[in-house]
Every structure is written in structure tokens, then in C-alpha cells.
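Here is a short briefing on one protein chain. Keep the sequence and the 3D view open while you read.

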Amino acid sequence: ESGGVESMLCGQYPAMLCLFSRWLRDSGDGMPFPFTSVNLNFDYAARVHRDRRNAGPSMLRALGNFKGGELAYYPDDDGTLPLPELPNHGKTISDVSKKFKLFDGNRAHAVEAFQGERFSMVFYTSGGYDRCAPSVRSALMKSGVQWPTKKALDHFRGLLKAPRGYTMASTGKKRRRDDVKPVEVTQAPSKTVPRFRVVQHPHLHLNLEVGHTYSVSSLLKKCRGDAAKAMALRRKLADPSVFEPLPG
């Protein structure tokens, strides 16, 4: 297993990764933050989750014209409680719109509700980074990526206090890892997925056909990670003369 590949966007737009890397580096005041990967999100309010394939230390920053959208984070989450059982009083709320926030992506976290257009960027180290192909590592480092080492990762882990775990609300006792049993979580009925019919061409080069119906998710996929195009699409969706909203 190679441990990772260079994404298509990194290969096509290396200058953008250089810009992101420089921005993160210039925002720090100590040891440069190590990372192999960058997640760029648009208008995404993540539910409570724990990352997978993440070495842990992560740096988050949100940008845009929005209100809300803070990071909800469970600093004492040791992974023993199922996500639905995490106590609400155990989370911290952090404004990530003005400066980077260091957190452990393997502990439960989410994005608070927000209004407006919100972009977020997460810098982190992918699990298996030490098995990455030398050619991929070299290409990323040429773009300014601060390649992780055990020493660097341990340094940032040390800045995060070790999780103490949470108590079970029903007994007041701290749950041990041996107490954890598989649980079946009943999913709430999903909301109706918004769909739109194309009334006239939006001129966004998305290869849409007039008269055809599309979901918002399928339209965003056609943007292929182009944030500017996604923003333009959002504005067009608000114009019923271009996109006719269909009843659920």
C-alpha cells in the first residue's frame, strides 16, 4: 500500500497548495504544523463525527460571509461512548473565523448551524503517511507541505490535553472501553432532497440540459471542487427564472 496519492486538484493547481501552505505557515508562531492533506469545504455543516484515517492533530479555519458555524468539539472524548451518548455539556464552542484552531480530529466534533456562505479548511495528517510513495511526498513538499515526522506530531499532540472520557448519564459512572457494545442507532427519516428543473441555461459550463431535473448535490458535483463556480451556482439556484424549485 502506497499510503496516499496526490489529488488531481493538487496536480493541476500546485500554486494553490503553495498558497494554502504559506498561509498556514505564516499564521503559526512556533513549530510549523505538519500535514499531508487539506480538506476544503463549502457550506458544509458537519454532524458530530470522529475522523478516520487521521493521525489526530488538525488545524481548522473558516472563511466567508456567515454567522454561526463555530467548531463544536468534545476535548475529553476518548472514543468509548457512542456519539449519541456524548453529553452536551462536554463540548466546547470555538470561533474559527478569526484564527486557526488546533484540535484532535479523532475526537468527536461538529459544525454549529450557520447562515451565509461559509468556507472551511482543515489541515491534517493522513494515516499511513509513512508509507507514502517518495514521488508523492516529494511533489507535495515542493508545494510547501510541511511533511510530518513523529517528533512534530508528538509535539502537537502534547499541546492537546489527553482526553479524560465522559460519564454515562444513566449511572454517573465513567464507561470503560470493555463496556462498549455495538448499538443500533435508529436513523431519523431523511429530509426531502431539494430538486430543481433547468428553465434556461445558467452559463456555468456544467453541461446541463434545459428541462432536466437535478438535485443540489448532483449540481455541486458538477462543479468539481471549483469554489467560485459553486458560489455562482448558489446564486443561480435562487433565481426561479433559471432554476425552478420543484415540490418535494
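Ala 72 stands opposite Ala 110 in β6. This is a predicted model: local features need pLDDT of at least 70, side-chain atom pairs count only at pLDDT 80 or more, and totals for chains, interfaces and linings use all residues. Residues are numbered from 1 along each chain as its sequence is written, and side-chain values use heavy atoms, with hydrogens and water left out.

- Helices (H or I, at least four residues) and strands (E, at least two) are DSSP runs, numbered from the N terminus.
- β3 and β6 run antiparallel and are joined by 3 bridges. Two strands pair if DSSP finds at least two bridges between them.
- The open sheet has 3 strands in the order β4-β3-β6, with antiparallel pairing.
- β4 and β6 stand at the edges with a single partner strand each, so one side of each has no neighbour in the sheet.
- On average, neighbouring strands of this sheet are turned by 25 degrees against each other, direction ignored. The axes are lines fitted to C-alpha atoms, for helices over the stretch in contact, and angles run from 0 to 180 degrees between N-to-C directions.

**Helix α4**

- The buried residues of α4 (residues 150–158) are Ala 152, Leu 153 and Phe 156. Buried means under 20% relative accessible area, exposed over 50%, and partly exposed in between (1.4 Å probe, protein chains only).
- Seen down the axis of α4, these buried residues fall within an arc of 95 degrees, so they line one face of the helix. The arc is that of the directions from the helix axis to the C-beta atoms.
- Lys 150, Lys 151 and Gly 158 are exposed on the other side of α4.
- The cover over the buried residues of α4 includes β2 (54–68), β5 (101–104) and β7 (114–126).
- Lys 150, Asp 154 and Arg 157 are linked in a network of salt bridges.

**Nonpolar cores**

- The largest nonpolar core has 21 residues, of which Leu 24, Phe 33, Met 59 and Phe 123 touch the most other members. Such a core is a set of buried Ala, Val, Leu, Ile, Met, Phe, Trp, Tyr and Cys residues joined through side-chain atoms within 4.5 Å.
- α2 (14–27), β2, β7, α3 (134–142) and α4 give two or more residues each to this core. α2 gives the most, with 3 residues.
- Leaving aside neighbours within four places in sequence, the contacts of Met 59 include Leu 24, Phe 33, Phe 123 and Phe 156. Contact means heavy atoms within 4.5 Å.
- A second, separate core of 17 residues includes Phe 196, Cys 223, Leu 233 and Leu 237.

**Salt bridges**

- The count is 10 salt bridges. Each is a side-chain nitrogen of Lys or Arg within 4 Å of a carboxyl oxygen of Asp or Glu.
- Asp 77 forms a salt bridge with Arg 50, with the closest N and O atoms 2.8 Å apart. The pair links distant parts of the chain, 27 residues apart: Asp 77 lies in the loop between β3 (71–73) and β4 (92–94), Arg 50 in the loop between β1 (37–42) and β2.
- Asp 77 is buried, at 3% relative accessible area, whereas Arg 50 is partly exposed, at 24%.
- Lys 91 and Glu 112 meet in a salt bridge (3.8 Å, N to O). Lys 91 is in the loop between β3 and β4, and Glu 112 is in the loop between β6 (109–111) and β7.
- Lys 98 forms a salt bridge with Asp 95, with the closest N and O atoms 3.2 Å apart. Lys 98 is exposed, at 64% relative accessible area; Asp 95 is partly exposed, at 43%.
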